[in-house]
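Please look at the model first.

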Amino acid sequence: MFEIKVGSLLVIALILGTVLAFAALLIWMERRLLGFFNDRLGPNRVGPFGILQSVADVIKLITKEDWIPPFADKFTFVVAPIIIPVVMLLSFAMIPFAPNIGIIDLNIGILFVMAMAGMASYSAMLGGIASNNKFSLLGGLRAAGQMISYEVFMGISLLGVVILSDSFMLRDIVEAQADGWYVIPQFLGFIVFMVAALAESHRWPFDLPEGESEIISGFNTEYSGMKFGLFFVGEYIGMFLMACLIPVLFFGGWHAPFGLEIGGEVFSGIFWMSVKSLAFVVFFVLVRAALARPRYDQLMNYGWLVMLPLSLLNLLVTGAIVLLQGS
Amino acid sequence: MLKGFVHQVNIIWSQIVSLWLVFLHLFRKADTVEYPEIKPHTFPRWRGRIILTRDPDGEERCVACNLCAVACPVDCIALQKTEDENGRWYPEFFRINFSRCIMCGFCEEACPTHAIQLTPDFEMAEYVRQDMVWEKEHMLINGTGKYHDYNFYKVAGKAIGSKGKGEARNELPPTDRRSLLP
């Protein structure tokens, strides 16, 4: 029960605690980093280096009035913000953090993560339609459209990895990368997946569902207090999920680069996994700081006319090469 | 076809360039001034908190002429004139509501005696709204403020206490009007 192995209670508790704590820390980290990118300092007052900023935020959100607008659909309005953190945490069950560290290894791991990422869009859609407000409805519509079009090539871009590793299980994929990371043979797939991951987690520059300059705050305009906090935390868990998924799929997961193993197998695995996912978190923040939001038609054009053909091309070429090598 | 391809490549290249340029900002010094620890320098003529000054002899400069209250665009100054036994005018009360004051400095410009002056103090927040209303005893300082030598009653023609007509600085003795008759 308390041994270090996949699915033991100790490991589950550790992963859940780490993910929740890191999601809270991520809010502070993003604001701080964004400050540095903008030649500012960011929040640095609460605790050492402002590390307790999230605690202050949570206290503020909990003590705020938890208001449900009288014109809203009450049941849907309450259910919508719960969906996104739950499905994002469920996705974390699939992530293999290190040898023997993980919650469950389904043989359809990738499909499960994709399904849960698709479920997350219900949060934005239901929140948008339940608010009964034109800006929220626009935000919900945009979320739905964005999810449908970017989910398509997100899945297709992963099929190259699946072909190479011959498995849908994320742990098998990591183990198949022991001799070489998939980012080299699957570079196109990596780029496409990266863009789709940004869009899936509503990260900038694809934050059209809540585009502040256009539709106030999009689908969460009517939300206040901890209901807004759940949307917020859910998106940050989603960002952390994508930052863990990209190393697992393309950067060798827990495998050390250039054989730089530190300590034991498990410790080294956790260390390198953390380094890689932190690097992607920093990259996501950099993307937020640097890139401008596209128009909605540009987003759709880009998705269907550039990214989808690219991912199909990647799939075709990878399949052809594997077929030729196999025969 | 080729044109569209070149266009897409240009778009992607410009995104990469902007990512790199913004990344370089990580190594720049932040422009933020951490305010409560590092105070900004305010110049002597900064228009901040309003004070009432005294003349070099230590008497109140204010002569309760009401010009400041008239000049004030938001009507935040209230005062009442009274006189001491020497005939010297002074305000019985002098009240400024700092929650209304817009720090325009018109009162300072209107003041004929340099009594009311604006100072570089800009930290005027209070927890209780009523604390924003300052009375004379809060504003009156034991100094001359920005103008060290000016003493209104020493240069004005008004007779007060020991000083009679014609005894002020740079003032000629009163002319006997009858001597001017043809």
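The text below goes from the helices to the chain contact and then to the sheet.

This is a predicted model, in which local features need pLDDT of at least 70, side-chain atom pairs count only at pLDDT 80 or more, and totals for chains, interfaces and linings use all residues. Residues are numbered from 1 along each chain as its sequence is written, while chains are lettered from A and ligands numbered from 1 in the order in which they are written.

**Helix pair in chain A**

Helix H5 (residues 134-165) and helix H7 (residues 187-200) of chain A cross at roughly 150°, and their axes come within 9 Å. Helices (H or I, at least four residues) and strands (E, at least two) are DSSP runs, numbered from the N terminus. Axes are lines fitted to C-alpha atoms, for helices over the stretch in contact, and angles run from 0 to 180 degrees between N-to-C directions. H5(A) and H7(A) are therefore roughly antiparallel (angles over 145 degrees). The crossing of H5(A) and H7(A) is left-handed, meaning that the near helix is turned anticlockwise from the far one by less than a right angle.

H5(A) contributes residues including A:Tyr150, A:Phe153 and A:Val161 to the contact, and H7(A) contributes A:Val192 and A:Phe193, among others. Contact requires C-beta atoms, placed from the backbone, within 7 Å. By class, this contact of H5(A) with H7(A) has 9 nonpolar, 4 polar and 1 charged residues. Ala, Val, Leu, Ile, Met, Phe, Trp, Tyr, Cys and Pro count as nonpolar, Asp, Glu, Lys and Arg as charged, and the others, Gly among them, as polar.

**Contact between the chains**

Chain B gives 12 residues to the contact and chain A gives 11 residues. The chain B side that touches chain A has 5 nonpolar, 5 polar and 2 charged residues.

**Sheet in chain B**

Chain B has an open sheet of 3 strands, in the order E2-E3-E5, with antiparallel pairing. Strands E2 (77-83) and E5 (133-134) of chain B stand at the edges with a single partner strand each, so one side of each is left without a neighbour in the sheet. Two strands pair if DSSP finds at least two bridges between them.

| Strand pair | Bridges |
|---|---|
| E2(B) and E3(B) | 7 bridges |
| E3(B) and E5(B) | 2 bridges |

B:Leu79 has B:Phe94 in E3(B) as its bridge partner. B:Asn97 is partnered by B:Val133 in E5(B). B:Ile96 stands opposite B:Trp134 in E5(B). The hairpin of E2(B) and E3(B) has 5 residues between the strands, and B:Gly87 takes a positive phi near 90° there.

Key. Angles under 35 degrees count as roughly parallel, over 145 as roughly antiparallel, 65 to 115 as roughly perpendicular and the rest as oblique. Two residues are in contact if their C-beta atoms, placed from the backbone, lie within 7 Å.
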